[in-house]
Amino acid sequence: MFECLKRTLAGTLLAGALALGFASGAWAKVELTMYYPVAVGGPLTKVVDGLVADFMKENPGIEVKAVYSGNYNDARIKALAALRAGQPAQLSVMFSIDIYELIEQDAIIAFDDIVETDEERAWLNKFYPALMENGKTGGKTWGIPFQRSTIVMYYNKDAFRDAGLDPDKPPATWDELAAMGKKLVKKDASGQVQRWGVMIPSTGYPYWMFGALTMQNDQVLMNREGNQTYFDAPGAVGALEYWLGLGKTHGVMPEGTIEWATLRQNFLEQNTAIMWHSTGNLTVVKKKAGFDFGVAMLPANKRRGTPTGGGNFYIFKKTTPEERTAALKLIRFLTQPERTAEWSMKTGYLGTRPDAYETQALKDYVAKFPPAAVARDQLEFATAELSTYQTGRVRKLLDDAIQAALTGTKSPSEALGAAQKQADRLLKRYR
Amino acid sequence: MSFARSNQVHIYGWLLLMPAAIFLIAFTYYPTVATLAHSFFSDGTALRPSVFVGLENYKLMLEDEVFWKVARNNFWFALGTIPVSVALALLMAVWVNGRLPARGLVRMAYFTPTVLPMIAVANIWLFFYTPDIGLVDQVLGMFGAPGHNWLGDPDTVLGCLIVMTVWKESGFFMIFYLAALQSLPPELEEAAKLEGAGRWYFFRRVTFPLLMPTTLFVLINAVINSFKLVDHLFILTKGGPDNASNLLLYYIYEVAFSFFDEAYAATLTVVLLAVLAVIAIGQFVILDKRIHYR
């Protein structure tokens, strides 16, 4: 039945594309279709439409159709379905970690093969290196960062005061997190917990949170080629043991898994004093928190660390040279420092390049609202998000292992060992 | 003359069937056959075209621990939802079929969960089940019970889904029972009263047997739904923790659209179709003998 669904979808897209082709008689104009997903709340489609309209005003020879295409998963499915139907879009914003999947499907072209001038080549190096990690493999650049985020620590300053802690000194190490967490836990007369110390979500994207913990333990989860994972490395096992211990040993976090979708509510209802979450939540928390809150970098063990997240620009392979040039022009336009700054302020996503933070607009914004700069400052310690060949499967292996450990069905080393073994089996043929 | 005439009748008949047949073939039979065929091929990418592998996908499936876990989950999910929701539906139908004040309101109240989209329902229940601040824990807290991580505990997560599904489904089945109850002739009840039959006896020997065609219909629907309804998983658990609440169709979705392994997804789909076909045929054959159609 999914077959059917997909065929129908592909058919519809094909029909639509054909109709468009016949309808437009203007051959001189280069027409671009761009898919883009929206993964966080807020009127992002309007922001994108505005940016695209600005671009067309400056470039009358290029007609851009920006098509909102659901979440990251939907966007990938739509793009690949259109590709199979023979009528792909020319460019798309997709999950940064889809890179290996898209390369394997021979769907995208590297930016190195499109750029012509030295200025364009220099442009490829204008972004934060940490944000480029998920866009590069095999010595080539396949994705340009656009809507990108990291994990940050939100904490309730009122709760810190209530527990006798300094509200301007959030925990900076694992030990401090556990120790302060203990002080932040509040129980009622019967011993029931009314406020937890910390919550790290473990549904939805457990591998993402785990990527932060392992990085803090000075261990990455995979190699640059995307064909080797390090799930059972001592650093990774230690990270999972610490995560499990926050609930089991230290009693500062509820045991079992913690729901991603309701965590923000838990924090806003002061059911937990600290939460780890995406920077994408910053604007909502700012609007809704009925208490004094702060945003801090994630704590360190051997070092600080967080994975990046979010979406990159890709250009599809089935395009004419004119379309590629036009697509490159559009991407360069959308990643100009001023536009990047505007995009960052309107969404909460990171400014993807250092010079965006040098613009007056973003400077003023950061001065007025310092938490907006935490994610940027943390970029220095950031690493790539888990992304390999067979990425969906490999990610799920890790997700399942983390959840098995957190719910107590398996020990951390046992769960991660099994996941590593299966990941090896999947990735062997890519080595 | 009869030959030409019968030919004409045939053509006429086929023409009448054609519109429905075209849609059935395009959207039901062709995809079914294509799925079956696809399950014998390896998954292809642009760089590695798909090749015929025979039964290898099926062998892989038998070795796939997640598949077995998902199959077991689906079995318990079906067993937990079907009898309870059908029994509850019958009970509610008998209740709102009687004379009671504000009958229309009660009927509507029972039917409301059916009207709500599953995604909306799941979003509501997500907050019911939230540890400590959720409705369930708030109510239990009044009796001094400690907070519980309902959806985060592999032992309770499937039960939580079952409760929610029963709540969502039984109102829908109630409507069918209610319609059937109202079509029963009132003479039967009067006659039974004259004979001195008790209410329970009357229900057991008259009402229930007369409802059997409805029961069969409802049962088949319930079975299909227990395999078909997975919308709530997207919101509530995504199949977690560690596949403790993963169901077959959701797993197929994951394999097809998250892992992009179309061949394996096709294999799983074939198994799902086979299971559903066997159950439906079994229900017809076994229950049909015991059903009294008027």
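This is a predicted model: local features need pLDDT of at least 70, side-chain atom pairs count only at pLDDT 80 or more; totals for chains, interfaces and linings use all residues.

Biologist: What is the radius of gyration of chain B, and what would a compact globule of 294 residues have?

Modeller: The value for chain B is 24 Å, whereas a compact globule of 294 residues would have one near 19 Å. The C-alpha trace of chain B spans about 85 × 75 × 30 Å along its principal axes.

Biologist: And what percentage of its residues count as buried?

Modeller: In chain B, 32% of the 294 residues count as buried. As for contacts in chain B between residues at least 6 apart in sequence, 69% of them join residues at least 24 apart.

Biologist: Let us turn to α13(B). What length does it reach?

Modeller: α13(B) has 27 residues and reaches 38 Å from first C-alpha to last, which is close to the 39 Å expected at 1.5 Å a residue. Buried residues in α13(B) include B:Glu262, B:Tyr264, B:Leu268 and B:Leu272.

Biologist: B:Leu276 lies in that helix too. Why is it classed as partly exposed?

Modeller: B:Leu276 has 15 other C-beta atoms within 10 Å. A residue needs 20 or more to be buried and 12 or fewer to be exposed, so B:Leu276 falls in between.

Biologist: Which residues does it touch?

Modeller: Leaving aside residues up to four places away in sequence, B:Leu276 touches B:Ile224 and B:Phe227. The C-alpha atoms of B:Leu276 and B:Gly240 are separated by 24 Å, and these two residues are 36 apart along the chain.

Biologist: Now the contact between the chains. How many residues does each chain give?

Modeller: Chain B gives 37 residues and chain A gives 32 residues. On the side of chain B that touches chain A, the elements that give two or more residues are α1, α5, α12 and α13 of chain B. The largest share, five residues, comes from α1(B).

Biologist: How does that side divide into nonpolar, polar and charged residues?

Modeller: The side of chain B that touches chain A has 20 nonpolar, 13 polar and four charged residues.

Biologist: What does the domain assignment give for chain A?

Modeller: It gives domain 1 (2–148 + 309–369) and domain 2 (150–307 + 385–430). The centres of these domains of chain A, taken over C-alpha atoms, are separated by 30 Å. In their contact, 15 residues of domain 1 meet 18 residues of domain 2. Helix α4 of chain A supplies the largest share of the domain 1 side, four residues. That side of domain 1 divides into six nonpolar, seven polar and two charged residues.

Biologist: One last topic: strand β10 of chain A. Why is it described as largely enclosed?

Modeller: Seven of the seven residues of β10(A) are buried, so the strand is largely enclosed by the rest of the structure.

Biologist: Which strands pair with it, and are they parallel or antiparallel?

Modeller: Strand β7 of chain A runs antiparallel to β10(A), joined by five bridges, and A:Ile151 stands opposite A:Ser278. Strand β9 of chain A pairs with β10(A) in the parallel sense over three bridges, and there A:Val198 stands opposite A:Ile274.

Notes. Residues are numbered from 1 along each chain as its sequence is written. Chains are lettered from A and ligands numbered from 1 in the order in which they are written. Two residues are in contact if their C-beta atoms, placed from the backbone, lie within 7 Å. Ala, Val, Leu, Ile, Met, Phe, Trp, Tyr, Cys and Pro count as nonpolar, Asp, Glu, Lys and Arg as charged, and the others, Gly among them, as polar. Domain bounds come from an automatic or database domain assignment. The radius of gyration is taken over C-alpha atoms; the globule rule is 2.2 Å times the number of residues to the power 0.38. The expected span of a helix is 1.5 Å times one less than its number of residues. Two strands pair if DSSP finds at least two bridges between them.
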